[in-house]
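Hi everyone, thanks for making the time. I'd like to walk you through a structure that may be new to you, so please have a look at it with me.

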Amino acid sequence: MFRGNHPTRVDEKGRLKLPAEFKRRVDELYGPQFYITSMDGRRAQVYPLKEWEQIEASLSKMSPMDPVRKKFQDVTNFYGQMAEMDAQGRVLIPQKLRELAKVTGEVNVLGSQTLLEVVNAEMFDAEMKKASGAVELTDADLMAFAEKTKVVA
């Protein structure tokens, strides 16, 4: 599993250097190939190819005429491209995604179990702090989480 927040940079050529902890995990379990996409244009999602292929296997069970399948494929193809990690542990973020999600310069790489999410550091900080200045899970958030996961808080 990928966990945590690792601040880093996307260089002027659009390459993301994987944080060491995440690179170790990639080297151990996945290899150098990735599919990089987004579901919303605000976050780059870096899937080890093995994980993306599981999503594709699930999609293949759906009818090709299913509108949900079509929309999912349209969005993930619009933002997406294959990428291969170079010898320095860098992957190229697709240009369209770099521009729309503003993932250039300072970024946060967030572990999200089986994938990495790359977000603009300044925008992410602002989103997390909102107007209150605090990052928190409310009691309502925790109750919803407990209900969906059957976890007792």
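Predicted model: local features only at pLDDT ≥ 70, side-chain atom pairs only at ≥ 80, totals over all residues.

Residues are numbered from 1 along each chain as its sequence is written, and side-chain values use heavy atoms, leaving out hydrogens and water.

Let's begin with the core. A nonpolar core here is a set of buried Ala, Val, Leu, Ile, Met, Phe, Trp, Tyr and Cys residues joined through side-chain atoms within 4.5 Å. Buried means under 20% relative accessible area, exposed over 50%, and partly exposed in between, with a 1.4 Å probe and protein chains only. Which members of the largest core touch the most others? They are Leu16, Phe34, Ile36, Ile93 and Val118, out of 22 residues. At least two core residues come from each of α1 (20-29), β3 (33-37), β4 (44-48), α4 (95-101), β7 (105-112) and β8 (115-120). Those labels are DSSP runs numbered from the N terminus: helices are H or I with at least four residues, strands E with at least two.

Take Ile93 as an example. Setting aside neighbours within four places in sequence, Ile93 is in contact (heavy atoms within 4.5 Å) with Gly14, Leu16, Ile36, Ala44, Val46, Arg98 and Val103.

Now the rings. There are 6 aromatic pairs, where rings of Phe, Tyr and Trp (its six-membered ring) pair if their centres lie within 6.5 Å; planes under 30 degrees apart are stacked, over 60 edge-to-face, and the rest tilted. Phe2 and Phe22 have ring centres 5.6 Å apart and planes at 90°, so this pair is edge-to-face. Because Phe2 sits in the segment before β1 (5-10) and Phe22 in helix α1, the pair ties together parts 20 residues apart in sequence. Are these two buried or exposed? Phe2 is buried at 3% relative accessible area, and Phe22 is buried at 1%.

Gly4 also lies in the segment before β1, but it is partly exposed, at 43%. Beyond its sequence neighbours within four places, Gly4 contacts Phe22, Val109, Leu110 and Gly111. Elsewhere, Tyr35, Tyr47, Trp52 and Phe72 form one aromatic cluster.

Next, some polar contacts, meaning N or O atoms within 3.5 Å; within protein, one must be able to donate a hydrogen and the other to accept it, and residues adjacent in sequence count only if both atoms are side-chain atoms. Gln45, in strand β4, is buried at 10%, and its side chain makes a polar contact of 3.2 Å with that of Glu117. Asp86 is in the loop between β5 (81-84) and β6 (90-92) and is partly exposed at 27%. The Asp86 side chain reaches the backbone nitrogen of Gln88 at 2.9 Å. At the start of helix α5 (residues 121-129), a side-chain oxygen of Asn120 comes within 3.1 Å of the backbone nitrogen of Glu122. After α5 comes Lys130, with a positive phi near 50°.

Last, the record: an unreviewed UniProt entry annotates residues 5-51 as "domain: SpoVT-AbrB". That stretch is 28% helix and 40% strand, with its end C-alpha atoms 20 Å apart.

Notes: UniProt positions renumbered as here; feature names shortened; annotations may be inferred.
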